[in-house]
Amino acid sequence: MVKYMFRALDRMGCKVDPWHFVSCVPCEDQVVGAMSSNEDGDVEVLMCQNHVKNQKNFNTVLTHELIHVFDTCRAHVDFTDCRHLACSEVRAANLSGDCWLSAELRRGNFGAYAHHQKCVKRRALMSVKYNPWCQGEGVAEHAVNDVFRQCMKDTAPFYAVPDSIGSNWVCFIYSNFSALREVVSNSTASRTKIEVVDNPRRNSKKLESIGGDLAPSQDL
């Protein structure tokens, strides 16, 4: 799915060089990856080399982060707006493989009813809580609950939610239904256009200060 996401970015007009756009860095925080943006709106992906367990884990986390990059490409996402962040986190958890049955079984989580949805909400909530703008009492919970049903339906750039054997990996470059666009357009917060550029920050270690997304440990 990683190659698929880079192709989708290319077709959306946000082509990047993976060798420069993605940086592997040692991280102090208990996260495995992050999409960061600076004051100029430059975006990059950081992978925590000391927390990634194996290639499969790396691929899942990188796909998660590239979904956030895709969202910044197609909408004016403000990651200080908890609703914007929550929608992108719901989409990333839903589409990246974070909540595939095999991943949940490794975590010791399993349920017979709507387990995928519960996993998506749990992991989206963890990510939103990492954001310093969303750490007030009940703030993250309210944001995730507010956009959850709407943003679960937004599967771009996929035709449907990918499954673990890849049968739903259908190229879907533009979604006629974009919940993310609706969340952003309905927001009262100021919006900043984020441009995707090759701008690696290879010495970053303290990810909690980064403006953007943080991916929680795959064990949670």
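This is a tour of a predicted model, stop by stop. Local features need pLDDT of at least 70 and side-chain atom pairs pLDDT 80 or more, while totals for chains, interfaces and linings use all residues. Residues are numbered from 1 along each chain as its sequence is written, and side-chain values use heavy atoms, with hydrogens and water left out.

**Helix 1**

Select helix 1 (2–11); helices (H or I, at least four residues) and strands (E, at least two) are DSSP runs numbered from the N terminus. Its buried residues are Val2, Tyr4, Met5, Phe6, Ala8 and Leu9, where buried means under 20% relative accessible area, exposed over 50% and partly exposed in between (1.4 Å probe, protein chains only). Helix 2 (18–21), strand 1 (22–25) and helix 3 are among the elements that cover them. Just after helix 1, look at Gly13, which takes a positive phi of about 90°.

**The cores**

Next, select Phe6, Leu9, Phe21, Val45, Leu66, Val69 and Val90: of the 53 residues in the largest nonpolar core, these touch the most other members. Such a core is a set of buried Ala, Val, Leu, Ile, Met, Phe, Trp, Tyr and Cys residues joined through side-chain atoms within 4.5 Å. Helix 4 gives the largest share, eight residues. Another core, of five residues, lies apart from it and includes Val25, Cys27, Val31 and Leu46.

**The disulfides**

Now show the cysteines. The structure holds five disulfides, each a pair of cysteine sulfur atoms within 2.5 Å.

- Cys14 and Cys73 are joined at an S to S distance of 2.1 Å, and the link is right-handed, with 90° about the S-S bond. Cys14 lies in the loop between helix 1 and helix 2 and Cys73 in helix 3, so the pair ties together parts 59 residues apart in sequence.
- Cys27 and Cys48 are joined at 2.2 Å; this link is left-handed, at -90°. Cys48 counts as buried, at 0% relative accessibility.
- Cys99 and Cys119 are joined at 2.0 Å, left-handed at -85°. Both Cys99 and Cys119 are buried.

Which cysteine sulfur is closest to that of Cys24? The sulfur in Cys48 is, at 9.3 Å, too far for a bond. Cys24 is partly exposed, at 41% relative accessibility.

**Two loops**

Select Asp78, in the loop between helix 3 (55–74) and helix 4 (82–95). Its side chain makes a polar contact of 2.6 Å with that of Thr80 (a pair of N or O atoms within 3.5 Å; within protein, one must be able to donate a hydrogen and the other to accept it, and residues adjacent in sequence count only if both atoms are side-chain atoms). Asp78 counts as buried, at 10%.

Finish at Pro157, in the loop between helix 7 (139–152) and helix 8 (179–185). A cis peptide bond joins Ala156 to Pro157, with omega about 10°.

Key
Contact = heavy atoms within 4.5 Å.
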